[in-house]
Amino acid sequence: MIDFPGAVLSESFGETTADVEPADWADALRHARDQGFTFFDWLTGVDDPPDGFSVVAHVFDPESFTHLLIRTRVPRADPRLPSATGVYRGANWHERETYEMFGVIFEGHPDLKPLLLPDGFEGHPLRKDFVLAARVAKVWPGAKEPGESGHGAPSRRKMAPPGVPADWGKDA
């Protein structure tokens, strides 16, 4: 097991996870780097309603071939974490993407601006409460509903995808 002060450690499928408080995020990453986890692999967010988001970073020790997940939770009302760019330069792109897709603010990031979405895009599309308007405006191009193919039972009542307001698409 890895020595990781101030973290709750768990292991599953041969991979160690260190759960830390948001205030300890940057220190935990620095400690991991100093312990030999010099390769920063990725960082992302996970929407976990209704309370907030998990932010997870995966780092790797190339000497011992050991993987480590460092995870914390931030509240939905004010999702903020200290930036890890001072610890791992590779965190820059990942923090920008997590900011754009989930709305997690990385304080101290050198250039926290949108990365992938078009200018003027509103919202954070990987949040579970984000309504995908395209799912309402265009019929899903998959298999037909029962009864629509001319075989089987008559069609059941059409349902909107999860998270779509009941009044969307009525005037289309």
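Trainee: What makes up the lining of the second largest pocket, by class?

Mentor: In this predicted model, that lining has seven nonpolar, three polar and two charged residues. Asp and Glu count as charged, and the lining includes Glu100 and Asp119, so those two belong to the charged class. Gly counts as polar, so Gly120 and Gly123 go there.

Trainee: Which other residues line the second largest pocket?

Mentor: Among them are Tyr99, Phe121 and His124, plus the run Pro114, Leu115, Leu116, Leu117 and Pro118. The volume of this pocket is about 190 Å³.

Trainee: OK, on to the core. Why is the set of 28 residues called a nonpolar core?

Mentor: The term asks for buried nonpolar residues joined through side-chain atoms within 4.5 Å, and buried means under 20% relative accessible area. The largest such set here has 28 residues, and those with the most contacts inside it are Phe4, Trp25, Leu68 and Ile70. Helices H1 (25-34) and H2 (91-102) each give two or more residues to this core, as do strands S3 (39-48), S4 (52-61) and S5 (66-75).

Trainee: What is Leu68 in contact with, leaving aside its neighbours within four places in sequence?

Mentor: Ile2, Phe4, Thr16, Ala18, Ala32, Phe37, Ala57, His58 and Val59. Contact means heavy atoms within 4.5 Å, so each of these has an atom that close to Leu68.

Conventions:
Residues are numbered from 1 along each chain as its sequence is written. This is a predicted model: local features need pLDDT of at least 70, side-chain atom pairs count only at pLDDT 80 or more; totals for chains, interfaces and linings use all residues. Side-chain values use heavy atoms; hydrogens and water are left out. On a 1 Å grid over the protein atoms alone, a cavity is a set of points where a 1.4 Å probe fits but cannot get out, and a pocket is an open set with protein on both sides within 12 Å along at least five of seven lines; lining residues have an atom within 4 Å of a point. Grid points are joined across faces, edges and corners, and a volume is the space filled by probe spheres set on the points. Buried means under 20% relative accessible area, exposed over 50%, partly exposed in between (1.4 Å probe, protein chains only). Helices (H or I, at least four residues) and strands (E, at least two) are DSSP runs, numbered from the N terminus.
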